[in-house]
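Please open the model in your viewer and keep the selection panel at hand. The stops below follow one another from residue to strand, sheet and helix.

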Amino acid sequence: MIDPATGMKPGERYRVSDPDEVQQFPGFFLDGKYYLEPELLTAVGWLEGRRFIYDNLTPTGEPVFADRFAGTVEDLTLHVVEGPALKLSRVDAAAGEAAASHTERPSPTPHRPSAQRRLQGQLVVITGASSGIGRATAKAFACQGARLVLAARDEQALFEVLDECTECGTDALVVVTDVTRSEQVEALAVRAAEFGHGRIDIWINNAGVGAVGSFDQTPLPAHEQVIQTDLLGYLRGAHAALPYFKAQGRGILINTLSVGSWVAQPYAAAYSASKFGLRGLTEALRGELTEYPDIHVCDIYPAVMDTPGFRDGGNYTGHALKPPGPVYDPALVAKAMVACAVSPRAHTTVGSAARLAHLASHLVPRLAQFTGWLTRLGIERSPKAAVSDGNLFQPPVGTRGVQGGWRTAGHPAPALLVTAAVLILGSCALATLRRKRR
């Protein structure tokens, strides 16, 4: 019996008909699930009616990507989100398995994941590549065969990242860059294009700093430096990359935003101003680029990540800083960026806490006052610490890396966080109920 929603028959396999598009979706559909290999019958996607969900799961069973909708299937056609319509055709199961065996392959080339085939040789620029999310992202793209241009202020740390990337067998270039300096960002683009033989395929704006403290007790130069890095640094990167994208007729701009792009961050006012501003910047760019269907602007919205940011940032509170839980692995953001490079999408949220915050930003009244109270309470309960500019005006000292060391395996969420989550969920439910009654 043919499924009226998708046109598929139970027990039969369906692949993308066009061989040129197989690199994007090389697997097959069978009984509502999507598999990559006949010999590895582990589903990496599934159908919900006509909706095609393409995702991976964490070890705890949670989807890696919150917004994991890949497209729809209708009348044996896969309509990819922000992509082409791909015809599906039935394949004989026995023939498919025989073709998958090494002895009967027409080519001796071993199977590689579709992302690696898609990103092999692509020129990727990553700012803020010396630590945290940027460092994790550099390694993730390197292991997919991309050629990398690594940018940050810390030359020594960049060469450490370069060594990690070249271990994957790819080429990489270090360009020391301060994104608060327009001429340095322009020079970065020129060096990248030379390294890419005239091309820049993917530009990742990721460099970021932060300053925590009461607004009027945080020095004005500190506020200005945060905005120069976190907002104007992204604007400079986009301004440098887009002329190359337009000349090529294609390109992907990926911006690291934050849960702070939806929920204001009291005691980090300049950071909030930057992240809210980035939403406006990226939406405006999308509006301008409608005549370039192959140029994409992708936003990544991570929850709190286990990076050195809280250790290295400016601290004007007089207390030790610690990120509020839950704290996630930066590798999740790196995976999201690779996914956007393979199949661009406008918005990707990473971490269930970010999804909750996004929902709360729409439904919970006086949310900023509530988060301000929580932040103030957390700061006042922290041990005393010296005021510091941190990495605002120069690279931090000490060991650089991806992780910040904030996560503790098996450590339960603090009571304050649980209380906050219950209050937010309760407010969301109440707001939804009130809307339905109107």
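Begin by selecting I204, which stands opposite I254 of strand β14, and bear in mind throughout that this is a predicted model. Widening the selection to residues 202-205 and 251-256 shows strands β12 and β14, which run parallel and are joined by 4 bridges.

Next, bring in the rest of the sheet, an open one of 7 strands with parallel pairing, whose order reads β11-β10-β9-β12-β14-β15-β17. At its edges lie β11, residues 172-176, and β17, residues 347-350, each of which pairs on one side only. If direction is ignored, neighbouring strands of this sheet are turned against each other by 15 degrees on average.

Select residues 155-166 for helix α4, which touches β10 and β11 and whose direction makes about 170 degrees with that of β11. Then select residues 182-195 for helix α5, which touches β9, β10, β11 and β12, and whose direction makes about 165 degrees with that of β11.

For the last stop, select residues 132-142 and 331-342, helices α3 and α9, whose axes come within 8 Å and cross at roughly 50 degrees; that angle makes α3 oblique to α9. The crossing in which α3 passes α9 is right-handed. To see the contact itself, display I133, A136, T137, A140 and F141 of α3 together with A331, V333, A334, M337, V338 and A341 of α9. Coloured by class, this contact of α3 with α9 comprises 10 nonpolar residues and 1 polar residue, with no charged residues.

Technical notes
Residues numbered from 1 in each chain as written. Predicted model: local features only at pLDDT ≥ 70, side-chain atom pairs only at ≥ 80, totals over all residues. Heavy atoms only, no water. Axes fitted to C-alpha atoms, helices over the stretch in contact; angles between N-to-C directions. Helix = DSSP H or I, 4+ residues; strand = E, 2+ residues; numbered from the N terminus. Parallel < 35°, antiparallel > 145°, perpendicular 65-115°, else oblique. Left-handed = near helix turned anticlockwise from the far one by under 90°. Contact = heavy atoms within 4.5 Å. Nonpolar A, V, L, I, M, F, W, Y, C, P; charged D, E, K, R; others polar. Pairing = 2+ DSSP bridges.
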